[in-house]
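Subject: Structure for your review

Dear colleague,

Please find below the structure that I am handing over to you. My findings follow it, arranged by region.

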Amino acid sequence: MTYDVVIVGSGIVGSILASKLASAGKHVLILEAGVDARNGRPGFVEKFHLSPYKDPESPYPDDNVNARRPITHIDTASLNNPAAYWIQKGPQPFSSGYERQTGGTTWHWMGLFPRMLPNDFALQSKYGVGVDWPIGYADLEPFYRESEETVGVAGSVAIQKYGGLWFAPGYEYPMDPVPPSYSDQRIQARLDGWTYDGQPVYLTSTPAARNTKFYDGRRACQGNTSCIPICPIQAKYDATIHLSRAQQAGAELWTQTVVDKVLVDGTGRVSGISYVQYADPKTPGPSARGVVTAKAYVLAAHAMETPKILLNSRTDALPNGVANRSDQVGRNLMDHPFPVYWGLMPEPVYAMRGPRMTSGIETLRDGPFRAERATFRVDIGNEGWTWVNDDPNGSVADLVSAGVFGAALRQRLHDIGTRSLRIGFLIEQLPLPTNCVTLADQADALGIPRPKIEYDIDPYCKQGFVAARDVAAKLFAQIGVDSRTKILYVDPGKPSTFKVGHDWYQFFGAGHICGTFRMGADPATSVVNANCQAHDVKNLFVADGGPFVSNPDKNCTWTILALAMRTSEYIASQRNGGTL
Amino acid sequence: MTADPAIESFVGLSVILTGFSRSEIADPLDPDQLASVYYGVVKASAGGTLAMVLAVFDQAQAASGGDEQKLIAAVTADIWKRPPLGDLAKQITKLWYLGQWDGAYVSDATYIRALAWTAMEAKAIGYSEFVDQSWAHPPAGKR
């Protein structure tokens, strides 16, 4: 059986592409490494409730030994941890993970959809740093719109016009924006026209794949404050929705099917995809192997897993792996290193209600400073201290240890809980060839090499941290926040800390993993072209976060999806034109 | 099932330790019967010390003559500040506030109904009460 398209990965890219292509009459096969999780939500919610770690992956099964994924408190916080799936070599730990099951990481994502700014595509030509994209905002704008309409995004064009953003005339988001939380409103009232570095600072509702009304057969958001790691009522979009639609349109889905290699024939085209299947997630080892063939192939297995497949496909003829003439496969690994600040508001704002984040500060995202230091968007949390202090656990433990009980304990907790605030900064990271994922010597239970990661924070990004701390201090002073920030959770010099001047900083991961098979016009310096088509392998498309040339401060799934939409249109036109 | 009469003492002690009223923590119609559940958890894990704590509490309650401030003072001096009784009292306080014993939640219900959420005027993260967009306003009663 030869398919029209084989898609590797059933995350947001794989599922939506499969749905589009199958609806257009194409014969599509989706290969998913993990299990089918679609009936799991009630059990996942309970597992999250009962988990001592409220990490992004805490709701989901940890017992799949054949398709492991990183776990925050094991894989991403330390180097060379023998219990981890990843082989982390440092010097800093890469701190963001992903899911391997149907629907991919949209199970635990936040679902925010800020578009990239026009200048984000041209950092080199505008500011003399980083690398330009081979496409611009105008190339992606129609596909941003298509993505917003496909997924169902709540937003408002009127409040998204900052930093040079523009929208097609007459366009509006499918749903009204997510209402800013009461906490956001009180912060906004206290900002009162405040400016930073000459820029006005105000909060705007962030576009989100979160229903604000009954929409597309799903409920409106009820503010359960667990978007990360799981929406208990599926008001937050996840890719299982389009995975099911793809199947209804005729696509086939094979789960528990891990792709290990892309096979390339003598003409330089993909001749098949090699896979390994396992019968039981808990029993290590393969149950079957095989090869599937198609007219076109899409790898959408995640920016960390896809380069692993390409590198593992090396042969005598292709000693660097498939699509890797440039030697850029696996390189330029980027995230948004994320510092956090927290404290007590001067009045009750009733935290821990609503989506985990409803508003951000977008006005500090672009300007001449980008020649000198990384930009950031400011993320305003609604989850109080539940992340930064593990509350309520942290505050209860602290107070009880200090001898507080009874009515005083209740009152002190009320004071903390109703006034708690957390903000964070998504800081841009430059593409560096030395930040990379390659193949480890160690194999997984199916015999496939595990990811080996080398990672560091570049000086441009570190200067973004310095500016972020300055913004945090002045912002807290302006709105009257009593800071309780502990800059360092660990000793200075430990993994995830670094020093600039006299000050130590610590970063967390933002889950925005990008860059590992970047796009470009020049096959000597990039892996795919502007259509996410491998330069050297014309029937191979490599989508998701890997094509990102840079990782400006935006939550990246929106651009990942817009790129995939553009790729889908290109595949369809090439198929119809007979060139694919 | 015959209720253990010591549950009554456990509830009385819990009222002092948590600052929540008897009707808030031991409603007879509580579908989860948390007071009984928590008494059972503590008794199974530290029955000997619990018996000592409740004996001291019963004495203090009798001596207080219904004066709650007197009772609080006695619990502070004779239980809270007196090892090992005070250590168990701290664990019982955290059990009510967090729904956890020895670092683990007793059940899904104890996560959702941990008193800390109520004290903080919040609700358990990830537990849906099916109310739309309430986050845009202060909680009911504060508007």
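Predicted model: local features only at pLDDT ≥ 70, side-chain atom pairs only at ≥ 80, totals over all residues.

Helix α2 of chain A spans residues 41–50, and its buried residues are R41(A), F44(A), V45(A), F48(A) and H49(A). Because these residues cover an arc of only 140 degrees around the axis, they lie on the same side of α2(A).

Chain B itself contains seven helices and two strands. Read from the N terminus, its elements follow the order α-α-α-α-α-β-β-α-α. Taken along the principal axes, the box filled by the C-alpha atoms of chain B is roughly 50 × 30 × 30 Å. Of the 143 residues in chain B, 46% are buried. Among contacts in chain B between residues at least 6 apart in sequence, 53% link residues at least 24 apart.

I turn next to the strands of chain A. Strand β12 (residues 357–361) of chain A is mostly covered, with five of its five residues buried. β12(A) is joined by three bridges to strand β6 (residues 203–205) of chain A, and this pair runs antiparallel. Within that pairing, S205(A) is placed opposite S359(A). β12(A) is also joined to strand β13 (residues 376–381) of chain A, here by four bridges and again in an antiparallel arrangement. G360(A) has D379(A) in β13(A) as its bridge partner.

Another group of strands in chain A forms an open sheet of three strands, in the order β3-β16-β15 and with mixed pairing. Its edge strands are β3 (87–91) and β15 (436–443), each of which pairs on one side only. On average, neighbouring strands of this sheet are turned by 25 degrees against each other, direction ignored. Five bridges connect β15(A) with strand β16 (residues 449–455) of chain A, and the two run antiparallel. In this pair, L439(A) stands opposite P451(A) of β16(A).

How do helices α6 and α11 of chain A cross? The axes of α6 (residues 182–191) and α11 (residues 459–479) come within 8 Å and cross at roughly 90 degrees. The two helices are therefore roughly perpendicular to each other. From α6(A), the residues I187(A), R190(A) and L191(A) meet L475(A), Q478(A) and I479(A) of α11(A). By class, this contact of α6(A) with α11(A) has four nonpolar residues, one polar and one charged.

Two loop residues of chain A deserve mention here. T106(A) is located in the loop between β3 and α4 (123–127) of chain A. With a relative accessibility of 4%, T106(A) counts as buried. The C-alpha atoms of T106(A) and D238(A) are separated by 4.9 Å, although the two residues are 132 residues apart along the chain. Leaving aside neighbours within four places in sequence, T106(A) is in contact with I12(A), K236(A), Y237(A), D238(A) and A239(A). H302(A) lies in the loop between β10 (288–299) and α8 (306–312) of chain A. H302(A) is buried as well, at a relative accessible area of 18%, where under 20% is the cut-off for that class. Not counting residues up to four places away in sequence, H302(A) touches Y98(A), T105(A), P307(A), I513(A) and D544(A).

Finally, some points of backbone geometry. Most residues other than glycine have a negative phi, and most peptide bonds are trans. The peptide bond from G90(A) to P91(A) is cis, with omega near 10 degrees, and P91(A) belongs to strand β3 of chain A. I228(A) and P229(A) are likewise joined by a cis peptide bond, with omega about 15 degrees; P229(A) sits in the loop between β6 and α7 (240–248) of chain A.

D197(A), which is not a glycine, has a positive phi near 55 degrees. D197(A) is found in the loop between β4 (195–196) and β5 (199–200) of chain A and counts as exposed at 60% relative accessibility. D390(A), also not a glycine, has a positive phi of about 55 degrees. Its place is the loop between β13 and α9 (393–401) of chain A, and D390(A) is partly exposed, with a relative accessible area of 34%.

With kind regards

Note on methods
Residues numbered from 1 in each chain as written. Chains lettered and ligands numbered in written order. Heavy atoms only, no water. Buried < 20%, exposed > 50% of the residue type's maximum accessible area, 1.4 Å probe, protein only. Arc of directions from axis to C-beta. Pairing = 2+ DSSP bridges. Axes fitted to C-alpha atoms, helices over the stretch in contact; angles between N-to-C directions. Parallel < 35°, antiparallel > 145°, perpendicular 65-115°, else oblique. Contact = heavy atoms within 4.5 Å. Nonpolar A, V, L, I, M, F, W, Y, C, P; charged D, E, K, R; others polar.
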